[in-house]
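Thanks for coming, everyone. Please bring up the structure on your screens, and we will walk through it together.

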Amino acid sequence: MSGTHEITELLGDGIADELRESVHAVAEVLPGIYTFDTMDLAYENRRKEGRELYDRSVASMQRTGVGFKYPTATIEESPNAVLRKLLKFSVIHRPISSIPGIKTNFTGKLDLDIIRIATGGTYDDPGQMIGDYAAASLRIVDRKTCEQAARYAFSVAMRERKSLTSSSKYTIQRITDGLFEDIVQEVANEFQYSGQIEHRRELFDALLAKLVMDPENFQVVLVLNEYGDFLSDLASGMVGSLGLGASVSLAFSEKGQVAAAMFDATHGTAPDIAGQNKANPTAILLAFSMMLKHLGDTQSGEALRKGLFECLDAGETTGDIGGPHNTESFTREVIERVRANLAE
Ligand code: NAD
């Protein structure tokens, strides 16, 4: 399925313009029609327009439901942090998979969708001293956020025909992590997903060991905040820790539907190579592929992801990872493969 989609596009700094050209060149060859409501989040404009620019960006994303963000320099404020607060992003979905042609210490094949509740856990409370000799912090697990994250995770598992593992320390943190696991089970039952999707629980420490030993047993993994933080870094290290990651931050409506989804690459603005046609657009194009799938343009999203991996596998990459290409020629290579994949 492909249709017409309006996307809130958030411009950035450094290599952002070169990445944008690559994304638009790819978008043009896809069967769907993509129109962009563009907000200029480059530093100069942020300084000029201030809070009003963020308010407009937020209003646009609330209207379109979808944001696509290029990297921005954190100088006075972090635009990602401002948007996270204003839009109340509560869940982060980060796919992390083995990347063809990239040398790693880990020799297994990883293909994970990490879905992390990005609020609460121990991270909302830095703790407090109890007298002089002890400190304690509150650990918060919130029913509504768990339900929203679980519904989203099951919908991804359903769409991608993958298994879902929820992971926590439910035998020790019996009340907090127990609540999380109970809610995941309730959502599984409520949507009658359990028959169609394999759902397992794993203790988080066991998950880490099993992931390294049998990575192919894990696909969509749903976790609370701190576990998601640890797991994302472990998984990035396993696949070579290169700046080729992409993610989506999600906010939900009262009814639990996705109200806003903002897609971006995990790397920064790369000021050292800005304007030199050297930027590697792989991560931003992976973010675009994720967005296409989210919009329902699954075939285009998969054709793009496959095309990128085919280029990397063939050594047709940009110079930062040893290939012969600049941003433009790499984009042309990707487009050729996307066209072929769509024609299959
Ligand atoms: P960085 O990711 O921008 O750069 C680190 C190194 O990786 C540099 O050598 C850079 O050339 C290289 N690199 C990064 N992306 C690349 C790409 N697509 N192609 C080729 N090489 C690439 O990290 P940094 O230098 O720590 O940060 C620079 C700026 O980016 C800072 O202002 C930081 O706040 C910002 N930043 C923004 C985001 C975001 O908007 N999501 C994320 C991280 C950092």
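Start with the shell around the ligand: eight residues are nonpolar, eight are polar and three are charged. Keep in mind that this is a predicted model. In total, 19 residues surround the ligand. The closest are Thr74, His267, Gly268, Ala270 and Asn280.

Next, the core. The largest nonpolar core holds 90 residues. Ile115, Ala153, Leu222 and Ala287 have the most contacts inside it. Which helix gives the most to this core? Helix α9, residues 282-294, with nine residues. As background, nonpolar side chains in soluble globular proteins tend to be buried together.

Take a look at Ile115. Setting aside residues up to four places away in sequence, Ile115 touches Val91, His93, Ala149, Tyr152, Ala153, Val156, Val220, Val221 and Leu222.

Last stop, Val187. Find it in helix α6, residues 176-190. Buried or exposed? Val187 has 24 C-beta neighbours inside 10 Å, and the cut-off for buried is 20 or more, so Val187 counts as buried. Beyond its neighbours within four places in sequence, Val187 is in contact with Glu147, Ala150, Arg151 and Phe154. Val187 and Phe154 are 33 residues apart along the chain, yet 8.4 Å separates their C-alpha atoms.

Terms used: Residues are numbered from 1 along each chain as its sequence is written. This is a predicted model: local features need pLDDT of at least 70, side-chain atom pairs count only at pLDDT 80 or more; totals for chains, interfaces and linings use all residues. A residue is near a molecule or strand if its C-beta atom, placed from the backbone, lies within 6 Å of it. Ala, Val, Leu, Ile, Met, Phe, Trp, Tyr, Cys and Pro count as nonpolar, Asp, Glu, Lys and Arg as charged, and the others, Gly among them, as polar. A nonpolar core is a set of buried Ala, Val, Leu, Ile, Met, Phe, Trp, Tyr and Cys residues joined through C-beta atoms within 7 Å. A residue is buried if 20 or more other C-beta atoms lie within 10 Å of its own, exposed if 12 or fewer, and partly exposed in between; C-beta atoms are placed from the backbone. Helices (H or I, at least four residues) and strands (E, at least two) are DSSP runs, numbered from the N terminus. Two residues are in contact if their C-beta atoms, placed from the backbone, lie within 7 Å.
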